[in-house]
Amino acid sequence: MSSSSVNFEILEKYASQYESCQDSVGLIKGFWNDRLWYQLSEEVLKFLQLAIFDANADAIQLYNDFIKHFHSKINQLVLIQICQRVASTFANSAEAIVFLESITATVESHKEATLFNNVLIGQLQLATKGEGINKAWDIIDATQKELEKLSDISAILHSEFYKLTSEYYLTKADYGLYYHNALRYLSYTNEETLSDNYKKQLSYQLVIAVLVGREIFNMGELVEQKVLKSLEGTEHDFLYQLIKACDVGDTSAYDSLIASNQDRINNIPEISRNLTLIKEKVSILGLVELVFQRSKGERNIPFSLIAERSKISSDEVELLAMRTMRLGLIK
């Protein structure tokens with residue numbers, strides 16, 4: 001295969017129109033001529049991240065005119081990453097699904113790439129709502145079964161799978177499973193690759209989930225996530241402060257934040273209609289914190305102290321303690 005068999009016209013167009021593209025175009029052409037497929041694929045992936053490809057037809061043209069000439073020669077997982085970026089520039093999810101489905105035959109001999117491509121299709125199906133949600137679940141179910149058969153699975157596949165799974169459970173308002181899968185998504189994801197807006201959106205949803213998820217009490221897992229700091233200094237900064245107060249069962253800080261942010265809370269129905277549940281969780285975590293601040297020999301705590309810490313009446317302490325023990329948080 002010679003360089004004359006490939007159409008460099010679209011690359012030359014970018015090099016002439018955008019000075020910022022010139023170095024990348026030069027590298028891409030050089031890697032092509034030298035048959036350096038790994039370097040070529042990585043540079044093309046980097047090139048496609050440029051904002052000039054956002055929401056226009058240039059990415060698919062680049063794929064058809066250039067990338068198709070070597071798509072079978074490169075790492076197939078990188079190929080799917082390239083296709084993921086191309087799909088993101090389509091006007092609607094339906095068109096993007098058709099494009100990714102057209103890649104299926106190309107990667108059918110590579111198991112992980114096939115699963116990766118299916119997961120991306122699942123994400124797009126989920127975005128279409130309606131019947132797309134059921135189609136997304138079918139992909140989740142089938143992919144989970146295949147992943148259980150594999151070893152040494154790439155981080156990118158795990159990342160996108162748990163992103164799909166978490167977003168599916170979010171559509172079902174299953175906050176426990178959403179939270180569990182979203183944390184797994186973060187464990188396989190380089191946060192530096194996430195946009196600032198996505199970090200804020202993800203952090204917002206995670207805080208909501210941990211507050212209203214009935215069986216979620218280990219809020220420290222979320223507080224430790226770097227991504228959560230994306231809420232600092234934003235309109236949702238109070239949620240960041242709220243989750244930190246809840247984590248240590250600080251009922252005074254919690255009450256103060258609720259009182260001073262009533263208008264914001266009223267605009268978040270998931271929180272406003274679950275304030276009783278959230279307050280109970282804060283009280284439970286306050287009791288847990290009180291217990292573990294003491295040495296094992298000093299854990300006979302007066303009801304009056306628990307009532308003061310949790311801001312409840314003495315009559316409510318026994319029920320609080322029973323609930324906390326039933327959850328397995330103290331013994």
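User: Which residues do ring pairs link into a cluster?
Analyst: Phe8, Trp32, Trp37, Phe66 and Phe70. Keep in mind that this is a predicted model.

User: How many aromatic pairs does the structure hold?
Analyst: There are 17. One of them joins Trp32 and Trp37, with ring centres 5.8 Å apart and planes at 75 degrees, so this pair is edge-to-face.

User: Is Trp32 buried or exposed?
Analyst: Trp32 is at 0% relative accessibility, so it counts as buried. Trp37 counts as buried too, at 18%, because the cut-off is under 20%.

User: Back to Phe66. What does Phe66 touch?
Analyst: Leaving out residues up to four places away in sequence, Phe66 touches Val6, Phe8, Leu11, Ile28, Trp32, Leu40, Val44 and Gln61.

User: And which residues have the most contacts inside the largest nonpolar core?
Analyst: Phe66 again, along with Ile67 and Leu211. That core has 114 residues. Helix H12, residues 196-212, gives the largest share of them, 10 residues.

User: New topic: pockets. How much space lies in the largest pocket?
Analyst: About 1,200 Å³. Its lining has 37 residues.

User: Which of those lie nearest its centre?
Analyst: Gln84, Gln123, Glu160, Lys163 and Tyr185.

User: Which helices each supply at least two residues of the lining?
Analyst: H5 (76-88), H6 (93-101), H8 (111-127), H10 (155-171), H11 (175-187) and H12. The largest share, nine residues, comes from H10.

User: What is the lining like by class?
Analyst: It has 17 nonpolar, 16 polar and four charged residues.

Definitions and conventions:
Residues numbered from 1 in each chain as written. Predicted model: local features only at pLDDT ≥ 70, side-chain atom pairs only at ≥ 80, totals over all residues. Heavy atoms only, no water. Core = buried A, V, L, I, M, F, W, Y, C linked by side-chain atoms within 4.5 Å. Buried < 20%, exposed > 50% of the residue type's maximum accessible area, 1.4 Å probe, protein only. Helix = DSSP H or I, 4+ residues; strand = E, 2+ residues; numbered from the N terminus. Contact = heavy atoms within 4.5 Å. 1 Å grid on protein atoms, 1.4 Å probe; cavity = no way out; pocket = protein on both sides within 12 Å on 5 of 7 lines; lining within 4 Å. Points joined across faces, edges and corners; volume = space filled by probe spheres on them. Nonpolar A, V, L, I, M, F, W, Y, C, P; charged D, E, K, R; others polar. Phe/Tyr/Trp six-rings, centres within 6.5 Å; stacked < 30°, edge-to-face > 60°.
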